[in-house]
Amino acid sequence: MMINKRRGRLAAAAVVMATTLGMTAACGGGGEETAGGGSSSAPAEKITLTLQTFGGGTNFGYKAAVEKWNAEHPNIQVKYNNLTPDFENTYWPQMLNWLQAGKGAGDVIGIDEGGMGLAKARPQFFTDLSQYGLLNRQNDFPAWKWENGINAEGKLFALGTDVGGMSVCYRKDLFEKAGLPTDREEVAKLWPTWDDFIATGQKFQEKVTDVKFVDGLNTWFNVVLSQEAAKNGNISYYTKDNQLAVETNPAVKAAFDFAVKVKQAGISAKLRNFQDPWLAGMRKGAFATVGCPGWMLGVVQGTVTEDGKNADAGKGQWDVATVPGGSGNWGGSWLAVPKQTKHPKEAAELLNYLTSPEAQLMAFKEGGNLPSTIPAQDSPELQNAVNEWFSNAPIGKIFGPSVKSLPPIYLGEKHSQTKAEVENVILGMDDGSIPVDQAWQRFISEAKKVAEG
Amino acid sequence: MTTIAHAGRQRRAHARPSRRDPFAATPLTKAALLFTIFLSVFPLYWMVVIASRTTAQAVDVPPPLLPGGNLGENIARVFATEDAHFVTGMTNSLIVSSTVTLSVVAISTLAGFAFARLRFRGRKLLLGSILLTMMVPIQQMGIVPLYQLMVNLEWTGTLQAVILPFLLNGFGVFLMTQYTEQAVPMELVEAARVDGASTMRIYWNVVLPAVRPGMAVLALQTFMLNWNEFMWPLIVLTPDNPTVQTSIAFLTGQHTTDYALIFTGTALSVLPLLVVFIVFGRQIVGGLMEGAVKA
Amino acid sequence: MSLNVDTGRVRRAPTPPRGSRHAGRKPPGSGLLARFDLRVTPYVLISPYFLLFAVFGFFPLAFTLWTSFQKYELAGEARFTGLDNYVKLMGDADFWNAVVNTVGIFILSTIPQLILALLLANALNKRIRGRLFFRLGVLIPLVTSVVAVAVVFTQLYGRDYGMINWVLGFFGVDNIAWQNEKWSSWLAIATMVDWRWTGYNAIIYLAAMQTIPKDLYEAASIDGATPRRQFWQITVPMLRPVIIFTVFVSTIGGLTLFAEPVLFNNGTMSGGSTGQFQTVAMYIVEKGFRQFEYGYAATVAWMLFVLILIGVLLNYSLVRRIGGGR
């Protein structure tokens with residue numbers, strides 16, 4: 001092959017193109033907000049605050065609240081970025097990277113209960129909210145929710161958003177197909193205990209073969225764990241002095257054993273919660289029930305309606321019934337202001353607003369996220385709430401009575417990492433890659449690996 | 001595609017006049033090639049199909065096989081999805097890949113010239129050391145200290161963080177050394193010297209014109225490798241200032257099941273290179289092939 | 001792009017830019033300046049590379065070594081722990097699992113890829129109408145970005161709604177959960193790698209094939225060698241240098257595989273519930289940037305280097321034997 005002129009020209013063209021592009025480098029990139037200068041409550045210059053959250057569907061349920069804020073604060077505009085449905089595997093590790101690097105975290109960030117142990121132990125990452133007068137919020141919150149927002153140095157760094165609560169979301173149409181009752185009162189009567197729940201699932205599966213009764217083991221493992229934890233000293237994977245407790249805490253074994261039962265009953269759709277196929281399965285109706293803390297209502301509704309784009313999709317298809325085994329507290333989050341923010345005052349103001357009873361009720365309306373503030377919990381708005389999309393389910397009646405008595409579960413500094421690892425075992429058992437009889441051993445060894453780090 | 005294995009059998013009983021020409025393709029070869037093309041193009045085609053449909057249709061069974069009518073709407077949605085920073089990602093990737101390509105080509109042709117056609121002490125040793133470093137995936141191996149370095153320089157989230165570590169490319173030096181040895185005869189360099197040309201002048205007037213095809217191949221490969229870099233940008237960049245690859249990854253994270261949106265973003269991210277490829281296809285294939293045998 | 005440094009083929013000489021009219025002119029800047037130019041300029045020319053190497057090559061590698069002797073806490077102090085990390089690594093089943101996965105996926109992708117590329121190149125080397133069309137066609141996956149490939153293929157491999165399972169359904173195969181088993185996830189990931197790179201390698205092989213003199217084949221034909229025999233006895237041995245090059249590149253690429261398996265599992269580093277397809281590169285990121293054990297991640301990084309070294313040497317010695325050890 002000979003060198004020919006054309007190829008030479010190509011190279012020249014490439015260089016020219018590259019140079020032109022290289023020159024645009026001067027104007028592109030960066031993406032830094034210009035600092036708003038002195039921070040006063042009504043800055044003269046327009047600033048943008050970034051709010052970063054996680055979770056599926058409507059996640060924190062802040063759409064309406066943020067719109068309202070933006071309308072009222074033309075100079076402090078809020079960008080609401082929900083980064084990913086997955087807290088343990090994606091959101092939190094990435095957030096820790098950014099907190100550590102001093103760049104990348106938003107001005108206000110959401111932290112799941114599982115990340116709070118670590119967040120508390122790293123005061124250097126977060127702004128002290130007492131500087132901005134937020135200590136006056138103490139009376140709004142139950143003691144445990146408030147205290148969990150105080151870090152190792154005794155400083156207030158986070159305020160609570162929502163709490164867990166527990167129910168079962170179910171597909172009425174699929175229940176009907178299986179010849180089961182569809183009315184929520186009668187459905188609740190199907191499963192006074194967890195064994196009844198499984199028996200119902202088996203009955204369901206006799207009639208319906210193309211759809212599974214539950215979404216996957218992991219959701220239900222977490223439901224039962226949150227219930228059992230409340231009965232076993234309010235701890236989960238770690239004791240209150242941060243010792244690994246997976247072997248000693250009966251709650252963990254009980255939840256694990258329940259997962260085994262679900263597995264053996266053959267009623268699982270084997271979908272990993274908060275991941276793609278699970279969300280797709282929710283939309284396509286691949287399973288009939290999912291364990292529903294308050295915020296999960298928003299995950300279901302938001303997913304099925306494609307974030308409200310098809311607001312009527314699946315409307316009236318789902319309903320909410322009470323859960324076997326009593327109330328539980330799975331999930332619930334806090335908001336914090338990373339130290340790296342350029343606008344700590346405005347960010348604290350936004351945080352204060354978003355955790356206010358008013359905004360919490362808006363979130364409750366939007367995504368079912370149960371308010372953590374006492375005034376919101378007591379309000380008739382909550383107590384009488386009905387969810388139209390979920391077949392007009394009286395969610396105020398379902399969640400309201402227990403919301404104030406939800407037990408605070410101690411989660412430990414390494415909870416999030418531990419959760420990610422042990423849940424892999426539950427998932428492995430679900431999809432068959434880990435034999436049931438080896439799963440418990442593996443569960444413990446994975447937890448130990450994280451704990452011993 | 002294993003049928004290609006039999007493609008060589010032209011001497012079937014009913015072979016046509018091509019029997020005399022063992023280099024002509026048999027129908028079987030053609031069929032195998034067409035099938036390969038089908039496999040090559042299908043995923044791209046299907047990407048466009050999903051990009052032109054609604055999200056609900058994306059998970060239909062049987063899957064949709066023909067484009068729908070939502071492409072325009074989906075494209076508008078991608079650009080309207082602020083938190084994906086898609087446009088920033090595209091611009092950033094162009095900037096990063098071009099800068100890296102330009103520097104790698106410059107650094108490599110300079111060093112390649114020196115190693116191939118200049119005499120200096122330690123030449124063999126230094127060239128050998130470069131060959132050794134080719135085996136070290138520095139950006140992966142050194143990810144922890146590189147990250148700490150960027151944190152200390154407060155460069156995380158910036159473009160220089162994804163440019164600088166990639167300016168180093170032992171493969172480029174090696175390639176250009178090889179190529180210069182082939183394309184620039186020693187006599188030519190010496191003649192220019194006798195003419196009184198300085199080393200830099202020789203580089204500019206003699207070497208560069210001769211090694212252009214090699215440069216083009218190196219540029220193409222560097223650009224593509226860099227355009228596709230994923231691990232390091234994922235670690236060191238933030239979602240508000242991504243490269244195109246991390247932008248798509250963040251998009252899939254944020255809008256998990258909005259397949260129409262994700263696929264549209266993905267299709268758009270492929271488009272620029274695809275257009276360049278189709279427009280310059282002849283030159284790219286030619287350049288690649290020439291570079292491949294020369295070096 | 002072969003690895004043999006001196007093939008001795010000197011190409012045509014481009015005309016010197018300056019004609020001989022200048023021959024009589026006295027070289028300018030002779031004396032000190034010229035000597036300086038001869039002595040020093042070569043080092044100036046290679047210095048950019050070595051300067052960059054010092055900062056972004058040598059420093060990270062040396063520091064990785066130092067880091068690997070330490071135990072880190074997130075945003076906390078580092079402690080010198082000597083060889084503890086290495087000792088721990090030797091008994092770390094997750095690490096070895098990642099090694100097995102990496103090597104497994106590498107073998108599963110590289111061998112078929114290179115063989116297919118060879119066959120494809122052979123087919124492309126035939127006289128055929130629409131030559132450019134075919135060449136462009138096989139090369140098109142190369143310009144598709146890696147994330148795009150992963151996104152599209154992950155969807156194609158979906159358990160419930162994926163097209164591949166749908167097609168397999170016609171043959172009576174039940175829906176396969178591709179992510180769940182080692183064999184299936186490896187296969188899926190290998191196809192992503194192969195889809196992108198087979199055409200590229202084929203074009204490189206094709207280029208090399210075209211330099212093989214046709215009379216070699218003609219002579220073989222006269223001797224009665226079948227085309228298949230010609231392919232293995234003439235084509236492949238003649239391509240050896242190029243094959244070595246592609247194996248070398250695939251080895252480094254394959255052993256540092258990252259994007260495809262990460263995106264195959266929702267962007268997480270775990271590579272499936274039991275780490276079925278967690279590669280060593282993913283393990284480094286998981287340890288370093290998900291669990292923040294920088295020291296341990298650095299240890300794994302060094303082992304990745306060792307792995308690549310072994311891989312390159314092993315492949316090199318294997319491929320060298322192609323075509324009867326010429």
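Hi everyone, let me start with a contact inside chain B: 15 residues of domain 1 of chain B touch 13 residues of domain 2 of chain B. Please keep in mind that we are looking at a predicted model.

So which parts of domain 1 of chain B face domain 2 of chain B?

For orientation, the domain assignment puts domain 1 of chain B at 2-80 and domain 2 of chain B at 84-294. Their C-alpha centres lie 31 Å apart.

Domain 1 of chain C takes 31-60, while domain 2 of chain C is made of 86-147 + 182-325. Here the C-alpha centres are separated by 35 Å.

Now, back to α1(B), which I'd like you to find on the screen. How do α1(B) and α5(C) cross? Helix α5 of chain C covers residues 146-156, and its axis and that of α1(B) come within 10 Å, crossing at roughly 75 degrees. An angle from 65 to 115 degrees counts as roughly perpendicular, so α1(B) is roughly perpendicular to α5(C).

Let's look at the residues at that crossing. From α1(B) we have Pro43(B), Trp46(B) and Met47(B), and they meet Ala148(C), Val152(C) and Phe153(C) of α5(C). By class, this contact between α1(B) and α5(C) has six nonpolar residues, no polar and no charged ones.

Finally, a word on the annotations for chain B. An unreviewed UniProt entry carries "domain: ABC transmembrane type-1" over residues 90-280 of chain B. In the model, that stretch of chain B is 77% helix and 0% strand, with its end C-alpha atoms 20 Å apart.

UniProt, again in an unreviewed entry, also places the feature "transmembrane region" on several stretches of chain B, among them 21-46, 125-147 and 159-177. Let me pick two of those. Residues 125-147 of chain B are 78% helix and 0% strand, and the end C-alpha atoms are 31 Å apart. For residues 159-177 of chain B, the figures are 68% helix and 0% strand, with 30 Å between the end C-alpha atoms.

Definitions and conventions
Residues numbered from 1 in each chain as written. Chains lettered and ligands numbered in written order. Predicted model: local features only at pLDDT ≥ 70, side-chain atom pairs only at ≥ 80, totals over all residues. Domains from an automatic or database assignment. Contact = placed C-beta atoms within 7 Å. Axes fitted to C-alpha atoms, helices over the stretch in contact; angles between N-to-C directions. Helix = DSSP H or I, 4+ residues; strand = E, 2+ residues; numbered from the N terminus. Parallel < 35°, antiparallel > 145°, perpendicular 65-115°, else oblique. Nonpolar A, V, L, I, M, F, W, Y, C, P; charged D, E, K, R; others polar. UniProt positions renumbered as here; feature names shortened; annotations may be inferred.
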